[in-house]
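Hi,

Here is the structure I promised to pass on. Have a look at it first, and then read my notes below.

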Amino acid sequence: MALDPTGKRIFKVVGTRPPRPDGIDKVTGRALYGADVSAPGMLVGRILRSPHPHATIVAIDTSAALALAGVKAVVTAADFAPQTDPTLRDIQDNCMARGTVLYDGHAVAAVAATTAAIARAALKLIKVTYAPLPHVTDVDAAMRADAPVVQAGRALESVPAGMPDNVTHRCEFGHGDLDAAFGGADLIVARSFTTAATHQGYIEPHACLASMTGDGKGDLWCCTQGQFNVRTICAALLGIEASQLRVTASEIGGGFGGKTNVFIEPVALALARKSGRPVKIVMARDEVFRATGPTVSSSIDVKIGMTKSGRITAAEADLRYSGGAFPCLTIEMGAQAAFAAYDLAAVRTIGWNVLTNRPKEAAYRAPGAPQAIYAVESVIDEACQKLGLDPLEVRLINAAKKGTKSSYGPTFDDIGLLATLNAAKAHPHYRAPLGPHQGRGLSAGFWFNFGGNTCVSLNVNTDGTVGVTEGNPDIGGSRAAISQMAAEELGIPYAQVRTMIADTASLGYNDVTDGSRVTFAVGLATIKAAQDATRKMCARAARIWGIDPEAVEWVDGAAVPAGPNAGKFPPLTLAEIAAVSFQTGGPIAGHHEFNADGAGVSFGVHLCDVEVDPETGATKVLRYTVFQDAGRAVHPAYVEGQMQGGAVQGIGWALNEEYIYGPDGRLQNAGFLDYRVPVASDLPMIEAVILEIPNPGHPYGVRGVGETPIVPPLAAVSNAVSRAIGVRMNRLPMSPPRVLAALGAKG
Amino acid sequence: MRYAKPETATDAARLLAAEPGVARVLAGGTDLLVQLKAGLVEPDLIVDIKHIAGLRDITPEAGGFRIGAAVSGAQLGEHAGVRALWPGVVEGVTLIGSTQVQGRATMAGNLCNGSPAADSVPALVAAGAVAQIAGPDGARDCPVLEIPLGPGRIALAKGEIIISILLPARPARSGDAYLRFTPRSEMDIGVASAAVALTLDDGGRVVAARVVLGAVAPTVRLVAPAAEALIGTRLEDGALAALAAACSAACSPIDDKRGTIAFRTEVAGVLARRAAVIAYHRAGGRK
Amino acid sequence: MKTIHVATTVNGDAVEFICAPEESLLDVLRNRLGLTGAKEGCGSGDCGACSITLDGRLVCSCLVLAAEAEGAEIGTIEGLAIGDALHPLQQAFIDHAALQCGICTPGILVAAKALLERNPDPTDTEIRYWLAGNLCRCTGYDKIIRAVQDAAKKMRAA
């Protein structure tokens, strides 16, 4: 390992931009995604879904479907053994409704047939008798005493007595004396906000191919962010041992958190078991919107007190989230993230989860944080405007730093918020002049990042190449980053390392790819596995040289005597040691298994310029810059990619994306025509500025980066629009009719 | 479901007239296949008209152009002659969908799908386009304005198909334009749209005008009072304001997931005003 | 139900298949011909992941009936590289990190190739509007535009 004059490590591979190992397969169409494989004798599976947002299932008659030629199996909830664990029970009930349908699109039955046409015809022959029940889709309406009850008896102990049944959780965070602190403010701003549910919008619908043998062994190919999690859940739902189910993760066509759960996989396995043949299920696009996991919808009140010099004296928020028809704890993360960027003497967030007749929530990059931080950053911006203060200076005055007790409890170590704020302040974007009907918005943002259970195995091949086996599907280019870290630690060229993603039979447990954990935790495990391997290679060198293993160290890709007393031997490279490994004790491998902690939080600041057409309310994004602390950017191009991609998702969330429910409780826009994700012509270039404030919890300083970028855009865009039109916007998305109405109301 | 590809319009008309079940015409397929996939229609017969002689041709006729019913948007957009003569019509057609959709979608198909928000229709009506229809009893002409009857309904009898649309000659000192409003820059169904065709005298005053709105009523709407507001003017602010007001007054839109009544009504006027200015400049007027 | 026999050309090779009348060309490419490069992202022409060329025109294969392929020339992602030589666009996408999950990449490459064949020197705006029908959820489009520009420059110089 080389050091610079200050003693800091000089990286040779980390920080460069080598080609990714899956690149050629993906640009040629060879890469295999969830729907790209078939098996001999394969059946097509299709799922029947409720058209009612809330109803009792009175009866299901599958006899006509079963009698149709070509239909080989039909399943309903009766084919799944009831679960005692509430989390598993909720997952199972979501995959196949038991007794009650809870949202438009809820699965009630499934068929497997020899062709897609027969499967479609079979669904029409299934007779379901429903008794519709009253429904509720709005989070505030669902909290009222007279609201239709989505599920009864699901409240956790956190909920005070006497609250309506739909309220399932309450949490509270913060510290300090709020009343006194508000008393010390020169200005208090209190506002309420609502955000619509949005969807991750991955272009690849969920797809899987399941087979089960007569003796209960299962094989599942699916697009997923976590094959081990899929194995755990499917084994439980099917009533088999985890070791009897092998789950292989395909290449994944986007996940963003939405593919950390199961929806169709247990159903496909159940159909495969019942029919004795492999069953492929691919969701149609409308099923993805109706029946996978959108974000929570939210209703939020924020109150902030500020002195006229810009210091926030007190901050308070009440956040009401709905994660759909099943209990959801995302509110915990939202409530903790809300004020996390600031050093506050008095702060309190209270969070609620409320049930509604909507699909079961899944993570979408930084779950819960975008909504909360949207509201907080909007109020701070309004306070800045009212006091005539520069919004960036006010963030600098109040920014959390090392040693700050965060609003959610822990005290921060080294963090990058000040660095990102100062980078934004120094950037030409911040000073560029604005024209008529244009506005500039700024927002800070934050995500905790996570570590988690991780296993890595690193094998040294006799030809001097290295294979790294890890268990986390690659959703952003992580295989390249893992190879880079292995190459860096081993001191060999990147081209000699190949990283593969294992199936569940080939490696120990790995938590899902989420929490921005892969570069951090899998990277850390890879470094430790590499160190394990280098220790073993040093021992082999010692054996070859006839000296003590303690007298050998690993430097720049080779074993060398440690110090002049160890003896005079020329270095033995990895390739040389590998070539004779069979004669010195056998194949050489390093490995590491742990539950990683020490993940570093990642702060970001976004600047957004918009122009609003005052006659139509249409918003055009003119310029967008993302500043984010990556700790150490292992592969800068992929870090930029996360920043740009997350920013654009946030722009879509701010401007046009929303789940639209009618009074009948049905989703009205279950397709890409009316669920409006940004298209290429909607956007400017997204400039990405990477800051590096190393995370002390990782040998290279790596912080997760994937989730933070979706957090700041909501307020950055909203603050820009609000300033452009001179009216404070408090509802997302800011679709043109809403902006035009706001302009009209302004008069 | 059966698939047929007749080679003459007469054969196509006969097949459609004789079909006892549900029959659909297939030109570009960019509406039909979406409806098939969504289960909105289950045809017994699909008649592919792309192999009928002449239906893919754009032919000069009487100072204008006859555009075959199977001409794709991409093909139309590449035709310098039609673009120069009726740019508003071409703008309307080439706004439909994506580049991929343009590779297949046809003007006639867009008209016959009967969507109130169809992008090709307002400018066709403003230009005074006429559809040529083949049927079991022979051929007839029908102004495009009279084809849409309501959402998803058109004035064609069983067995009739549009085989071409005639864009007439454009009078001297005339111009047209089409604008639509969508929340994104592309890929959306129009929330409101307006087409304006103007003819000027040699002093730059409007002597003839057609103002047509889309997506703000069950069918396309030709707004006579809006046209009248422009006659004799040089599109001064007062004339444009009267135009916009007349357009808003002519709207009877719905609230739906794409726009509210208030929004559509307001924006229709804004778009008509802006389209009028573009058409005026194309006609040689100076503002 | 009567199946239809179709003779067509895919990436320059003569190909025959049988299909049901209601099968789309995308269904046939993926399920009967084993060409899984074109993807179904929506089935309704809104995402472009199924993009191919049909007689030289960029189209969504989910909006074409397989029967319509009779006598036509179809170009898919599998036909971009010649042997092991990547097309400049494919190389540029790798070099510029213009893909993350890669699901939209085949459609975007087919679309970008069709653009550069018509317009070898497009502006960024022209690229963006041409690709408006190709949704990408991972990249925010920035690196895609850069990669297309870089490939266009290399192709103009060749």
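Before the notes, one term: a salt bridge here is a side-chain nitrogen of Lys or Arg within 4 Å of a carboxyl oxygen of Asp or Glu. Also, this is a predicted model, in which local features need pLDDT of at least 70 and side-chain atom pairs count only at pLDDT 80 or more, while totals for chains, interfaces and linings use all residues. Residues are numbered from 1 along each chain as its sequence is written, chains are lettered from A and ligands numbered from 1 in the order in which they are written, and side-chain values use heavy atoms, with hydrogens and water left out.

Let's start with chains A and C. Contact means heavy atoms within 4.5 Å, and by that rule 49 residues of chain A are in contact with 40 residues of chain C. About 3700 Å² is buried between these two chains, and carbon and sulfur atoms account for 59% of it. (Buried area is the accessible area, taken with a 1.4 Å probe, that two parts lose on being put together, summed over both.) On the chain A side, A:Val27, A:Ile203 and A:Met685 supply 21% of what chain A buries against chain C, more than any other three residues.

There are four salt bridges between chain A and chain C. In one salt bridge, C:Arg137 pairs with A:Glu657, at 2.7 Å from N to O.

Which elements give two or more residues to the side of chain A that touches chain C? They are α1 (23-28) and α19 (636-655) of chain A, and α19(A) has the largest share, with nine residues. Helices (H or I, at least four residues) and strands (E, at least two) are DSSP runs, numbered from the N terminus.

Now for chains C and B. Here 29 residues of chain C are in contact with 27 residues of chain B, and the buried area is about 2200 Å², with 61% from carbon and sulfur atoms. C:Arg57, C:Leu63 and C:Glu68 supply 27% of the area that chain C buries against chain B, more than any other three residues. C:Glu68 also forms a salt bridge with B:Lys50, where the closest N and O atoms are 2.4 Å apart. On the side of chain C that touches chain B, β4(C) gives the largest share, four residues.

Is A:His698 buried or exposed? A:His698 has a relative accessible area of 4%, so it counts as buried; the cut-offs are under 20% for buried, over 50% for exposed and partly exposed in between (1.4 Å probe, protein chains only). The side chain of A:His698 reaches the backbone nitrogen of A:Val702 at 3.4 Å. Leaving out residues up to four places away in sequence, A:His698 touches residues including A:Met485, A:Phe520 and A:Ile527.

A:Pro436, in the loop between α14 (428-431) and β18 (438-447) of chain A, is exposed, at 64% relative accessibility.

Cheers

Terms used. A polar contact is a pair of N or O atoms within 3.5 Å; within protein, one must be able to donate a hydrogen and the other to accept it, and residues adjacent in sequence count only if both atoms are side-chain atoms.
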